[in-house]
Amino acid sequence: MPVLTDTIAAISTPPGPGAIGILRLSGPDAASIAERCFKPLGHKSLLEHKPKELVYGDLLDSGGQAIDRVLCTYSLGPNSYTGEDTAEFQCHGSPMVLTLGLEALFAAGARQAKAGEFTRRAFLNGRLDLAQAEAVGDLLSAQSREGARHAAGQLAGALSRKIGDIYSALVDVMAHFHAVLDYPDEDIDPFLMEELSTTLEEQEDRLWKLYSSGHRGSLLTQGLKCPIVGRPNAGKSSLLNALAGYDRAIVTDIPGTTRDTVEVSIQVKGVLVRLIDTAGIRESGDPIERIGVERSRAAMEGCNLVLMVCDGSVPFTEEDGTLLEECLNRAETVLVWNKTDLSSAPVPFFYLPEELEEHLHTVSVSVKTGAGLEELEEAMRTLAEEFFPRAQEESYGQLLTNQRQIEAAELACHCVRRAREALEAGVTPDALLTDVEEALSALGELTGQSVREDVTDRIFSKFCVGK
Ligand code: GDP
């Protein structure tokens with residue numbers, strides 16, 4: 001365990017006035033520095049109180065002058081977030097109080113904490129592994145209920161336990177291989193070989209599933225990509241505004257005014273959906289509009305679902321039919337039959353190949369009056385849920401959510417597969433050992449057991465100061 005000799009301090013609440021402002025300290029002198037900057041109201045000093053007790057008193061500035069009436073608490077390592085001695089002041093959320101308080105902590109011997117340094121210390125002191133530390137970051141930036149639940153599960157160790165099980169099965173395999181190497185003249189028990197091969201196969205399967213979970217995990221944090229397409233003036237920008245609940249896109253009645261793409265993230269049943277308002281997709285002679293049309297096609301790349309908006313007060317054209325097929329070829333599509341307030345024209349019948357028809361969901365709406373919008377949200381909910389089948393409580397936190405984790409799982413899976421295939425082909429155990437060792441090291445990167453410092457630097461630098 002590394003020994004960190006300096007004590008760090010930071011303001012842990014966001015900038016600006018607020019109900020509460022928190023100053024935080026961690027390091028060997030945290031409690032004594034806090035004691036010097038705090039005058040309890042009672043007769044006992046801070047350190048005469050028990051750890052984790054909330055003590056009421058005055059926060060003192062560097063001149064010893066009271067600047068706020070606050071609550072202070074200290075904890076002794078290893079029973080703290082960072083695993084070191086820590087202290088915390090809960091002040092009034094005044095930027096001036098927090099600045100003066102921080103200056104006092106510096107004057108008493110602390111130094112400014114860097115971004116993510118508290119969590120980094122928790123990692124270095126073994127209070128969290130790297131997957132859990134990343135979960136702290138995911139929790140802070142979660143934009144949907146499902147994203148937050150997942151991050152909380154990962155923080156509680158769901159992913160780490162899953163990786164730990166695979167790790168320990170592979171360590172067992174290593175132990176057997178080593179035993180074989182130690183007695184090279186003895187014949188290997190064929191039952192043992194079969195057992196090892198089965199274990200490798202099981203781990204390969206678990207790693208493959210883990211790796212594949214990265215796709216859903218990324219969708220959870222980044223959101224389902226959902227372009228809104230359709231002819232100019234169909235009501236795409238109006239729909240985006242209605243779904244987002246505020247005027248994000250400019251709505252005009254001159255066709256072709258949404259020339260660029262506008263993106264808004266919304267929550268649909270706890271799932272993050274990124275709505276992308278595109279310029280009308282249609283053949284166009286206007287060069288600026290053509291660029292917009294190209295952007296629209298680009299917005300449809302890799303989309304997870306599509307909303308195609310049609311103006312129900314004008315006839316459905318061949319052009320609309322072509323666009324609809326293009327959408328259906330890419331993803332589940334909701335045909336939003338808009339402007340029903342203008343005409344009660346029913347959704348027209350159009351021929352679609354059978355394999356495309358099953359991906360079509362139609363909803364009639366009037367964005368203007370709000371009629372049908374609830375049905376539309378319901379349709380989107382059903383489609384969004386298909387990406388995240390009703391999550392069981394225990395499955396929260398077991399998905400990979402970033403590229404670093406996905407790459408490590410892929411490498412581990414690849415190495416285990418190589419080892420299994422080699423074993424089945426009768427290759428000697430020493431050759432297999434390298435593969436299994438490589439798989440273990442990839443898993444170690446996932447949890448941070450064998451991760452390089454520049455990788456951890458990158459992870460923690462994304463955190464805010466004070467976390
Ligand atoms: P876009 O070009 O597809 O983004 O279309 P807009 O959202 O800019 O809308 C074009 C015009 O249609 C605007 O004047 C809107 O107010 C109007 N509009 C949009 N939805 C409705 C609707 O449900 N009913 C009526 N009557 N007008 C609508």
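Predicted model: local features only at pLDDT ≥ 70, side-chain atom pairs only at ≥ 80, totals over all residues.
**Helix pairs**

| Pair | Residue ranges | Axis separation | Angle |
|---|---|---|---|
| α4 and α5 | 130-141 and 145-155 | 8 Å | about 155° |
| α8 and α12 | 236-244 and 373-387 | within 12 Å | roughly 80° |

**α4 with α5**

Helices α4 and α5 pack with their axes 8 Å apart, at an angle of about 155°. Angles over 145 degrees count as roughly antiparallel, and α4 and α5 are therefore roughly antiparallel to each other. The crossing of α4 past α5 is left-handed. From α4, the contact takes in Ala 131, Gln 132, Ala 135, Val 136, Asp 138 and Leu 139. From α5 come Ala 148, Ala 151, Ala 152, Gln 154 and Leu 155. By class, this contact has eight nonpolar, two polar and one charged residues.

**α8 with α12**

The axes of α8 and α12 cross at roughly 80°. That makes α8 roughly perpendicular to α12. Helix α8 contributes Leu 239, Ala 242 and Leu 243 to the contact. Helix α12 supplies Leu 373, Leu 376, Glu 377 and Met 380. Six residues here are nonpolar, one is charged and none is polar.

**Helix α6**

Helix α6 spans residues 158-182, which is 25 residues. Its first and last C-alpha lie 37 Å apart, close to the expected 36 Å. The buried residues of α6 include Ile 163, Ile 166, Ala 169, Leu 170, Val 173, Met 174 and Phe 177. An α-helix has 3.6 residues a turn, so residues three or four places apart point the same way. Also buried in α6 are Ala 158, Leu 159, Ser 160 and Val 180.

Notes: Residues numbered from 1 in each chain as written. Heavy atoms only, no water. Axes fitted to C-alpha atoms, helices over the stretch in contact; angles between N-to-C directions. Helix = DSSP H or I, 4+ residues; strand = E, 2+ residues; numbered from the N terminus. Parallel < 35°, antiparallel > 145°, perpendicular 65-115°, else oblique. Contact = heavy atoms within 4.5 Å. Nonpolar A, V, L, I, M, F, W, Y, C, P; charged D, E, K, R; others polar. Expected span 1.5 Å × (residues − 1). Buried < 20%, exposed > 50% of the residue type's maximum accessible area, 1.4 Å probe, protein only. Left-handed = near helix turned anticlockwise from the far one by under 90°.
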